[in-house]
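These are my notebook entries on one structure. I wrote each down as I looked it up, beginning with the aromatic rings.

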Amino acid sequence: MAMRRQKVEFYERQLMRQWWVWVLFVGMDLLFIFGSVQQLILGVPFGDNPMSDIGLLVTTILFLLFSIFMLFTLRLQTYINDEGVFVRYFPFQFRYTLYDWNTITASYVRKYKPISEYGGWGIRIGMKATKAYTVSGNMGLQLILKNGKKFLIGTNKPVDLEEVLLKLEKKERMKDG
């Protein structure tokens, strides 16, 4: 692919590592493990309307596998070169999406409000149909496209990102309003 032949000026790989996400996944896993032990080993039905033993065992295993998969594979990858900005939110996107510099009217690093602007982190649609790919934090690369669409890519390296935009002469041509 053409993007690999050009020099990468910026690369960032972000993993979902917030403590509350871990608590949520581990909490659900522990609930099903507790239920499985209670029903399968102790012989006490789990809940008012218990699942079959096989159903409970399969559900517990699926929850554990899903948790492991999400916690260890969910990642936001961004890289920038002379061609443009490439972004991928794996496992929801297998291929990178390219935002070609020719389609971008403005690009700048900005502070954003994850909850009030986008309803949290992840792949989000915010106010005025702005799209965001975020994992954590409150800093991101704002892209404004020639077609009027806005796209925010979260970053934990705002200073490095700012330097690359300056180096490539792609920094801030207009403010996001």
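Entry 1. Aromatic rings.

Which residues do ring pairs link into a cluster? I looked this up in the model, which is predicted, and found the cluster to consist of Tyr89, Phe92, Tyr99, Tyr133 and Phe151. I then searched the whole structure for aromatic pairs, and the search returned 12.

I examined the pair of Trp22 and Phe72. I placed Trp22 in helix α2 (residues 19-41) and Phe72 in helix α3 (residues 53-73), so the pair ties together parts that are 50 residues apart in sequence.

I examined a second pair, Tyr79 and Phe86. Their rings are stacked, with 4.7 Å from centre to centre and 10° between the planes. Both Tyr79 and Phe86 are buried.

Entry 2. Val21.

I found Val21 in helix α2. Its relative accessible area is 7%, and I noted Val21 as buried because the limit for buried is under 20%. Which residues does Val21 touch, if those up to four places away in sequence are not counted? I found contacts with Met16 and Leu71. I also looked up Val21 against Trp101: the two are 80 residues apart in sequence, and their C-alpha atoms are 35 Å apart in space.

Entry 3. Order of elements.

I counted 5 helices and 9 strands in the protein. Reading from the N terminus, I wrote the elements down as α-β-α-α-β-β-β-β-α-β-β-β-β-α.

Entry 4. The sheet of 4 strands.

I traced an open sheet of 4 strands in the order β1-β2-β3-β4, and its pairing is antiparallel. Its edge strands are β1 (10-15) and β4 (97-100), each of which pairs on one side only. On average, neighbouring strands of this sheet are turned by 15° against each other, direction ignored.

How many bridges join strand β2 and strand β3? I found 6 bridges, in the antiparallel sense, between β2 (residues 75-80) and β3 (residues 84-90). Within this pairing, Arg75 stands opposite Phe90 in β3.

As a reminder to myself, strands of a sheet pair through backbone hydrogen bonds, either parallel or antiparallel.

Entry 5. The sheet of 5 strands.

I traced an open sheet of 5 strands with mixed pairing, and its order is β5-β8-β9-β7-β6. Which strands are at the edges? I identified β5 (104-111) and β6 (122-125), each pairing on one side only. The twist from one strand to the next averages 15°.

I then looked up how β7 (residues 131-134) is paired. With β6, strand β7 pairs in the antiparallel sense over 4 bridges. In this pairing, Ile125 stands opposite Lys131, and the bridge partner of Arg124 is Ala132. With β9 (residues 150-154), strand β7 pairs in the parallel sense over 3 bridges. There, the bridge partner of Tyr133 is Ile153 in β9. Tyr133 is also one of the residues of the aromatic cluster in my first entry.

What packs on this sheet? I found helix α5 (residues 158-167), which touches β5 and β8 (139-145). The direction of helix α5 makes about 155° with that of β5.

Entry 6. Whole-chain values.

I compared the radius of gyration with that of a compact globule of 177 residues: the globule would have a value near 16 Å, but the protein has 21 Å. Taken along the principal axes, the C-alpha atoms fill a box of roughly 70 × 35 × 25 Å.

I noted that buried residues make up 44% of the 177 residues. The protein exposes about 10200 Å², and carbon and sulfur atoms supply 64% of that area. Among contacts between residues at least 6 apart in sequence, 57% join residues at least 24 apart.

How values were computed
Residues are numbered from 1 along each chain as its sequence is written. This is a predicted model: local features need pLDDT of at least 70, side-chain atom pairs count only at pLDDT 80 or more; totals for chains, interfaces and linings use all residues. Side-chain values use heavy atoms; hydrogens and water are left out. Two strands pair if DSSP finds at least two bridges between them. Helices (H or I, at least four residues) and strands (E, at least two) are DSSP runs, numbered from the N terminus. Axes are lines fitted to C-alpha atoms, for helices over the stretch in contact, and angles run from 0 to 180 degrees between N-to-C directions. Contact means heavy atoms within 4.5 Å. The radius of gyration is taken over C-alpha atoms; the globule rule is 2.2 Å times the number of residues to the power 0.38. Buried means under 20% relative accessible area, exposed over 50%, partly exposed in between (1.4 Å probe, protein chains only). Accessible areas come from the Shrake-Rupley method with a 1.4 Å probe; for residues, only the protein chains shown count as cover. Rings of Phe, Tyr and Trp (its six-membered ring) pair if their centres lie within 6.5 Å; planes under 30 degrees apart count as stacked, over 60 as edge-to-face and the rest as tilted.
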